[in-house]
Amino acid sequence: MEALEAILTRKSVRQFADKEVEQEKIDILMKAAMSAPSAINKQPWVFYVIKSEEKKAEVNKYVTFGKYKSPIIIIPCTNSLNAIPLAHDLMYCDLGAATENILLAAHSLGLGGVWCAVYPRKENMKKIAKAIGAPLGVMPYAALYIGYPSEDDKSKVKDKYKEKNVKVI
Ligand SMILES: Cc1cc2nc3c(=O)[nH]c(=O)nc-3n(C[C@H](O)[C@H](O)[C@H](O)COP(=O)(O)O)c2cc1C
């Protein structure tokens with residue numbers, strides 16, 4: 001799938017088929033994530049791929065508006081060790097770019113997924129960090145539920161283009 005086609009046809013998928021995601025596809029998702037731009041190329045990230053049912057259930061307790069049932073959950077995390085000292089918060093921009101790359105790559109591979117908020121809810125971030133065994137300085141940013149879309153999935157691509165949101169000056 002062409003990049004532009006993937007961008008224009010991506011949608012959030014929240015219902016998944018009972019089918020495993022192949023490791024080769026997970027590897028591509030990770031390559032896509034780490035191909036994202038990051039401020040001064042610091043790459044202040046770590047990605048947890050959760051396959052274990054037990055861990056998924058534990059993480060689900062702390063994703064306030066998530067709790068979907070998917071074959072894998074990817075937790076992109078910030079890694080403070082690689083953050084820019086005087087511009088620490090730029091790592092959240094870097095993570096946003098990496099997270100969207102994962103969703104676009106998933107879509108182009110025939111998978112679907114949804115980005116569920118973890119950051120900036122500090123309490124949930126801490127609890128998920130503990131659940132996944134993240135070391136000090138590594139904090140969950142989002143929970144991405146990923147898998148093959150279920151046949152029951154009724155989600156549609158939304159046309160979100162609004163001319164009024166473009167200002168040409
Ligand atoms: C920062 C962020 C947080 C989100 N959090 C949730 C969430 O907690 N639960 C959920 O079901 N969807 C969540 N979404 C998905 C949005 O609801 C979805 O992207 C939006 O409705 C537009 O639909 P689309 O992705 O199909 O274009 C989140 C998206 C973003 C970017």
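Helix 4 is followed by Gly110, whose phi is positive, near 85°; helices (H or I, at least four residues) and strands (E, at least two) are DSSP runs numbered from the N terminus. The model discussed here is predicted, so that local features need pLDDT of at least 70 and side-chain atom pairs count only at pLDDT 80 or more, while totals for chains, interfaces and linings use all residues. Residues are numbered from 1 along each chain as its sequence is written.

**Overall fold**

The chain holds 5 helices and 5 strands, and, read along the sequence, these follow the pattern α-α-β-α-β-α-β-α-β-β. Its C-alpha atoms fill a box of roughly 50 × 40 × 30 Å along the principal axes. Of the 169 residues, 34% count as buried, where buried means 20 or more other C-beta atoms within 10 Å of the residue's own, exposed means 12 or fewer, and partly exposed lies in between, with C-beta atoms placed from the backbone. Among contacts with a separation of 6 or more, 81% join residues 24 or more positions apart, a contact being two such C-beta atoms within 7 Å.

The 19 residues of helix 4 should span 27 Å at 1.5 Å a residue, and its end C-alpha atoms are 28 Å apart, which agrees; the expected span is 1.5 Å times one less than the number of residues. Its buried residues are Met91, Asp94, Leu95, Ala98, Thr99, Ile102, Leu103, Ala105, Ala106 and His107, and what covers them includes helix 1 (3–9), helix 2, strand 1, strand 2, strand 3 (112–117) and strand 5.

The largest nonpolar core has 42 residues, of which Val59, Ile73, Ile75, Ile102, Ala143 and Leu144 touch the most other members; such a core is a set of buried Ala, Val, Leu, Ile, Met, Phe, Trp, Tyr and Cys residues joined through C-beta atoms within 7 Å. The largest share of this core, 7 residues, comes from helix 4. Leaving aside neighbours within four places in sequence, Ile102 is in contact with Leu29, Ala32, Ala33, Ile74 and Leu144.

**Ligand shell**

The ligand is surrounded by Lys11, Ser12, Arg14, Phe65, Gly66, Val114, Trp115, Cys116, Ala117 and Lys158, each counted as near if its C-beta atom, placed from the backbone, lies within 6 Å. This shell divides into 5 nonpolar, 2 polar and 3 charged residues; Ala, Val, Leu, Ile, Met, Phe, Trp, Tyr, Cys and Pro count as nonpolar, Asp, Glu, Lys and Arg as charged, and the others, Gly among them, as polar.

**Backbone exceptions**

Most residues other than glycine have a negative phi, and most peptide bonds are trans.

| Residue | Phi | Loop | C-beta atoms within 10 Å |
|---|---|---|---|
| Gln43 | about 50° | between helix 2 and strand 1 | 17, partly exposed |

The peptide bond from Tyr119 to Pro120 is cis, with omega near 10°, and Pro120 is found in the loop between strand 3 and helix 5.
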